[in-house]
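Visitor: Please show me the structure. I have a few questions about how its parts pack.

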Amino acid sequence: MIRVRGLTKRFGTTTVLDDIDLDIADGERVVVIGPSGTGKSTLLRCLNFLDRPEAGLIEIGSVAVDAARAGRRDILALRRATAFVFQNYALFANRTAKQNIMEALVTVQGRPKAEAEARAMEVLAETGLADKADSYPAALSGGQQQRVGIGRAMAIGADLMLFDEPTSALDPEWVGEVLDLMRRVAEQLQTMLIVTHEMSFAREIADRILFMEGGRIVEQGTPEQVLGAPKDERLQRFLRRVG
Amino acid sequence: MRALDLDYMLGLVPVILGYVPLTMFMAVVAMVCALILASLLAVERVVRVPGLDWLVILFISFFRGTPLLVQLFLFYYGLPQVVAFLTQINGVTAAIMGLTLHFAAYMAEAIRAAISGVDRSQWEAAHSIGMTQSQMMRRIVLPQAARIAAPTLVNYFIDMIKSTSLAFTLGVTEMMGATQKEASGSFLYFEAFLVVAVIYWVIVEVLSQGQKQLEIRLGRAFAR
């Protein structure tokens with residue numbers, strides 16, 4: 001269960017997240033849509049303190065953090081309860097595909113190396129990249145890198161997986177394989193919060209869609225409600241534009 | 001103009017080569033210590049520990065801002081007069097200390113620049129999986145910074161080897177000190193110093209070959 005109350009983030013005098021409330025049930029798949037610059041990515045980045053929110057309560061699994069008072073331990077606990085998939089993949093450049101997945105298991109979770117390696121190979125098999133286990137990121141295509149990025153996040157066994165526009169940096173030819181992998185993650189009943197511009201993917205995978213504008217959640221509901229019968233005028237305009 | 005005494009020069013080669021181990025010992029020990037110290041200083045400069053920052057800046061400023069020879073004299077001749085436990089300090093130890101601190105100051109700046117050169121996404125990825133600051137530095141950032149800094153650091157090591165010759169001013173008989181002694185016995189200064197110059201040169205050339213190998217090794221992960 002994920003509970004967010006009053007999450008607020010400012011950059012200087014600009015309020016990027018304005019008092020956000022959000023509940024996500026276990027296994028729920030929530031997709032965030034909206035025009036760029038409306039705080040979608042910042043929402044994800046504030047949930048694991050890649051950007052530090054000014055105020056708000058964040059509860060993820062057994063971790064509860066008051067943003068205004070969060071110390072180093074709180075932040076580490078939140079980060080360990082979440083897994084993040086980056087737009088630009090952000091694989092560790094000095095680690096092979098397999099080592100990228102093992103890193104969190106060994107260094108952060110303290111699991112034995114052999115066990116971590118077995119888990120990494122399992123995950124690589126799921127991502128269809130078992131043959132690339134010993135390749136460094138620089139030798140992989142964008143699509144392959146992002147699949148390793150998702151694998152790295154899957155292996156952690158996090159309460160919440162955050163996807164920050166995972167296909168936006170990809171050449172069109174690689175988008176399909178990454179979305180396929182995300183479908184497979186969804187089948188495992190993983191709780192997911194996804195920022196994406198892939199509307200048909202959102203319609204297909206989401207239990208709920210949030211429409212954000214101006215740092216607020218303006219409208220939310222099932223894909224049928226939000227995409228099929230949008231109420232808010234800004235949402236209607238946005239949907240007309242993305243077609 | 002007289003002819004070079006080639007027989008004397010050839011005879012001198014093995015004598016001076018006998019001191020290569022001491023020279024390399026000082027250079028390697030000082031390099032390892034300087035690398036560790038410089039990494040700590042560089043990390044501090046990047047993450048800015050409150051209360052420590054000004055000390056690090058002062059340290060770097062002093063050891064970059066004063067000549068190595070002055071620092072060596074300060075350690076060997078000066079410090080024992082004011083710090084009791086240093087009265088027994090020998091020339092080799094003082095030289096290693098001086099070289100370590102002096103080169104650490106330079107290398108810290110090179111490593112700091114290299115750390116800044118590591119893509120920000122690497123930090124974020126490390127944070128996102130819940131690494132502590134020190135895990136991130138040790139496992140992700142510093143290894144990548146090492147690749148960026150490697151050519152510069154090898155240059156400092158080369159400079160370090162040559163700078164060990166200053167230890168002879170502290171009474172250490174290393175390559176330079178030995179040559180000086182030999183030359184003052186034979187009066188063949190040109191021959192003697194030419195021999196030692198060539199030996200330093202050869203050592204540095206061998207290292208430069210090693211540098212290429214090192215860069216290939218460190219670059220392996222980044223090859224397409």
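Visitor: Is the crossing of α3(A) and α4(A) left-handed or right-handed?

Guide: This is a predicted model, in which local features need pLDDT of at least 70, side-chain atom pairs count only at pLDDT 80 or more, and totals for chains, interfaces and linings use all residues. Residues are numbered from 1 along each chain as its sequence is written, with chains lettered from A and ligands numbered from 1 in the order in which they are written. A crossing is left-handed if the near helix is turned anticlockwise from the far one by less than a right angle, and right-handed if clockwise. For α3(A) and α4(A), the crossing is right-handed.

Visitor: Which element of chain B gives the most residues to the side that touches chain A?

Guide: The contact (C-beta atoms, placed from the backbone, within 7 Å) takes 19 residues from chain B and 20 residues from chain A. Helices are DSSP runs of H or I, at least four residues, numbered from the N terminus. On the chain B side, α6 (120-128) and α7 (133-163) give two or more residues. The most, six residues, come from α6(B).

Definitions and conventions. Two residues are in contact if their C-beta atoms, placed from the backbone, lie within 7 Å.
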